[in-house]
Amino acid sequence: VQLQASGGGLVQAGGSLSLSCVASVSTFSSYRMAWFRQAPGKEREFVAAISRSGVTTSYANSVKRRFSVSRDNANNTVILQMNSLKPEDTAVYYCAADLRRTVYSNSYYYPRDFDSWGQGTQVTVSS
């Protein structure tokens with residue numbers, strides 16, 4: 001599956017951004033989806049995941065109550081709404097897809113848990 005992420009940009013601390021990821025696949029509803037991020041010099045880390053139906057979500061502790069993930073299966077899109085942004089949220093954000101398993105709430109995921117990746121979109125939060 002091909003993934004195209006967009007929506008990144010420069011925002012001041014406390015502001016909001018919405019990232020979108022569009023999947024080029026006819027069976028989008030069969031894929032669990034996730035967002036990861038990677039800051040310079042750091043490993044790629046989990047941000048949020050959403051189940052195939054969109055009913056179950058999971059978030060990294062660092063973004064809970066600030067970020068929200070949703071999906072529109074009719075339009076092959078997953079969205080990451082980011083509020084109350086902090087300078088430490090600065091990173092390249094990647095969407096990822098996986099066909100094999102579901103999403104469990106309050107679970108942390110690793111890059112190896114997802115098979116397909118988008119190209120990333122830069123988010124920069126200024127203080």
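## Ground rules

Strands here are DSSP runs of E with at least two residues, and helices are runs of H or I with at least four, all numbered from the N terminus. This is a predicted model, in which local features need pLDDT of at least 70 and side-chain atom pairs count only at pLDDT 80 or more, while totals for chains, interfaces and linings use all residues. Residues are numbered from 1 along each chain as its sequence is written, and side-chain values use heavy atoms, with hydrogens and water left out.

Let's begin in the loops. S51 sits in the loop between β5 (45-50) and β6. With a relative accessible area of 3%, S51 is buried (buried is under 20% relative accessible area, exposed is over 50%, partly exposed is in between, with a 1.4 Å probe and protein chains only). Skipping residues up to four places away in sequence, S51 touches T56, R71, T102 and V103, where contact means heavy atoms within 4.5 Å.

Next, some backbone angles. Most residues other than glycine have a negative phi. R65, though, has a phi near 70°, a positive value, and N76 has a positive one near 55°. R65 belongs to the loop between β6 (57-59) and β7 (67-72), and N76 to the loop between β7 and β8 (77-82). Buried or exposed: which is R65? R65 counts as exposed because its relative accessibility is 80%. N76 comes in at 18%, so it counts as buried.

## The disulfide

How many disulfides does the structure hold? The count is 1, going by a pair of cysteine sulfur atoms within 2.5 Å. The partners are C21 and C95, with their sulfur atoms 2.1 Å apart. C21 is in strand β3 (residues 17-24) and C95 in strand β9 (residues 91-98), so the link ties together parts that are 74 residues apart in sequence.

As for geometry, the link of C21 and C95 is right-handed, with 55° about the S-S bond. Both cysteines, C21 and C95, are buried.

Q4 is part of strand β1 (residues 2-6). Q4 and T77 are 73 residues apart along the chain, and their C-alpha atoms are separated by 9.5 Å.

T121 falls in strand β11 (residues 121-126) and is buried, at a relative accessible area of 10%. Its contacts, not counting residues up to four places away in sequence, are A5, S6, G7, G8, L19, A91, V92 and Y93. With G8 there's an atom pair worth a look: a polar atom of the T121 side chain lies 3.1 Å from the backbone nitrogen of G8.

## The largest pocket

The largest pocket has a volume of about 150 Å³. On a 1 Å grid over the protein atoms alone, a pocket is an open set of points with protein on both sides within 12 Å along at least five of seven lines. Grid points are joined across faces, edges and corners, and the volume is the space filled by probe spheres set on the points.

Lining residues have an atom within 4 Å of a point. There are 13 of them here, and R37, A39, K42, E45 and E88 lie nearest the pocket's centre. By class, the lining has 8 charged, 3 polar and 2 nonpolar residues. For those classes, Asp, Glu, Lys and Arg are charged, Ala, Val, Leu, Ile, Met, Phe, Trp, Tyr, Cys and Pro are nonpolar, and the others, Gly among them, are polar.

Methods
Polar contact = N/O pair within 3.5 Å; in protein donor to acceptor, adjacent residues only side chain to side chain. 1 Å grid on protein atoms, 1.4 Å probe; cavity = no way out; pocket = protein on both sides within 12 Å on 5 of 7 lines; lining within 4 Å.
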